[in-house]
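Hi there,

Here is the structure I promised to pass on. Have a look at it first, and then read on for what turned up in it.

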Amino acid sequence: GVPRVVVVGGGAGGATAARYIAKGSQGAVSVTLIEPTRRYYTCFFSNLYLGGLREMDSLGHDYGTLAAEYGINVVHDWAVGVDRDTRTVSLASGASIPYDKLILSPGIDFKEGAVPGWDVTAQSAMPHAYKGGTQAQLLKAQVMAMPEGGTFAIVTPPNPYRCPPGPYERVSMVAHTLSEVNPSAKILIVDPKEGYSKQALFEEGWQAHYGGMIERIGPDFGGTNVSVNPAEMTIDIDGQVESVDVCNVIPAQQAGHIVHAAGLTDGDWAPVNAVDLSSKTDPDVHILGDSAAQGDMPKSGFAANSQAKVCANAVLGALTDARVFPARFSNTCWSLIAPEDGVKVGATYEATEEKIASIDSFISQPGEDAETRAQTYQESLGWYAAITTDMFG
Ligand code: FAD
């Protein structure tokens with residue numbers, strides 16, 4: 001019969017892989033996409049929503065085109081188990097779906113106990129806003145409700161985590177909103193890391209745009225020794241307890257639960273072969289995006305999309321007589337520091353025996369002129385439109 005590909009997770013990695021396989025095979029491969037939500041809200045640009053520069057609705061994408069134009073069997077359900085011996089995926093509804101090749105791209109889950117006092121039952125009091133949709137809306141509502149001169153605290157995660165510059169872009173965009181609606185408010189960053197992505201660029205920008213608003217407590221001053229009390233709205237930093245008005249807790253992360261359940265992880269992430277993103281444990285299962293141990297690539301939507309295209313090409317090559325091209329990857333992470341003040345970091349990569357290895361890289365420079373920064377922001381708008389079309393058609 002027709003070979004069957006099942007994709008779990010309709011996000012940056014999964015939606016792209018499903019679309020490329022369906023498009024490339026012209027019906028010669030059947031593609032099933034399993035995704036619980038009917039509308040996917042991108043995490044990318046959710047910080048711009050916090051900054052008042054983007055409507056939440058503009059971040060939502062649905063699966064109608066993938067079903068109608070590409071013939072993908074879109075199943076809105078949770079995958080709850082993978083039986084790699086019988087090659088079936090079981091769903092929360094009780095159904096079981098057979099595959100010849102399985103692609104897992106479920107994103108991240110949080111590590112339990114990473115920030116003492118916080119668990120998912122506390123996410124209404126102290127949102128993470130690190131998965132798409134309602135959490136970002138909640139965080140925005142909390143920012144808008146802050147008392148005059150109040151404190152917004154953000155607990156940032158240890159490496160590796162999705163979107164290395166994400167927490168710092170968030171600080172920038174919250175600072176932008178506060179500078180308009182609540183200029184005497186303060187932002188407190190509690191950070192377990194010595195340094196972070198694009199640090200010099202963020203610090204320069206914060207000084208220029210939001211002087212005096214933002215304070216960062218790194219590991220030398222207790223950034224690694226943090227607990228929270230969601231009922232009291234307090235944060236304990238190395239024994240010093242502070243009351244805060246908003247507390248955005250972004251816990252340490254690991255591969256999505258289904259990847260662990262499938263027995264494909266080594267520690268927190270799933271080891272993969274760089275050439276086709278196949279699992280090092282099972283050649284018929286591929287892991288894309290945040291859940292994979294991605295070598296030199298950061299965990300980003302751009303990276304997941306780039307890996308998905310390499311994976312789709314390899315899967316088509318294995319199941320049909322499609323030609324397989326050498327694996328090449330690229331990534332750029334844009335961040336917005338203030339309206340029209342965009343910066344970026346990026347690289348290109350190749351597949352080696354060992355990993356996805358960086359070939360060359362680039363980064364915005366401190367002190368760039370306003371025109372360059374505005375152009376960088378424009379580039380990011382083009383990228384958002386292009387990647388979401390590449391994902392959802
Ligand atoms: P996701 O895109 O999260 O997709 C996973 C999907 O799997 C979800 O839809 C989920 O519902 C589904 N799923 C999970 N478990 C199951 C299951 N058991 N069964 C079925 N479905 C399941 N990246 C960039 O490139 N640029 C940016 O500017 C950028 N900004 C960001 C800002 C923020 C605040 C955040 C949080 C992230 C940002 N990212 C950015 C990172 C980007 O969102 C992720 O790296 C990317 O979405 C990862 O793609 P993925 O396919 O691994 O996971």
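To begin with a question: does S306 count as buried or exposed, and how many C-beta neighbours lie inside 10 Å of it? Please keep in mind as you read that this is a predicted model.

S306 has 28 C-beta neighbours inside 10 Å, so it counts as buried; the cut-off for that is 20 or more. The residue lies in helix 8. If we set aside the neighbours within four places in sequence, S306 is in contact with F329, S330 and N331. As for T281, it sits 25 residues from S306 in sequence, and the C-alpha atoms of the two are 22 Å apart in space.

That brings us to strand 23, which covers residues 328–338. Eight of its 11 residues are buried, so strand 23 is largely enclosed by the rest of the structure. Its pairing partner is strand 24 (residues 341–351), in the antiparallel sense and over 10 bridges. F329, one of the contacts of S306, has Y349 in strand 24 as its bridge partner.

Now back to helix 8 and its packing. Helix 8 (residues 301–319) and helix 9 (residues 370–392) have axes that come within 11 Å and cross at roughly 40°. That angle makes helix 8 oblique to helix 9, and the crossing is left-handed. On the helix 8 side the contact involves G301, F302 and N305, which meet I387, D390 and M391 in helix 9. Sorted by class, this contact has three nonpolar, two polar and one charged residues.

Y168, S172, A175 and S179 from helix 5 meet F202, G205, W206 and Y210 from helix 6. The residues of this contact divide into five nonpolar, three polar and no charged.

Happy to talk any of this through.

Best wishes

Notes:
Residues numbered from 1 in each chain as written. Predicted model: local features only at pLDDT ≥ 70, side-chain atom pairs only at ≥ 80, totals over all residues. Axes fitted to C-alpha atoms, helices over the stretch in contact; angles between N-to-C directions. Helix = DSSP H or I, 4+ residues; strand = E, 2+ residues; numbered from the N terminus. Parallel < 35°, antiparallel > 145°, perpendicular 65-115°, else oblique. Left-handed = near helix turned anticlockwise from the far one by under 90°. Contact = placed C-beta atoms within 7 Å. Nonpolar A, V, L, I, M, F, W, Y, C, P; charged D, E, K, R; others polar. Buried ≥ 20, exposed ≤ 12 C-beta atoms within 10 Å, placed from the backbone. Pairing = 2+ DSSP bridges.
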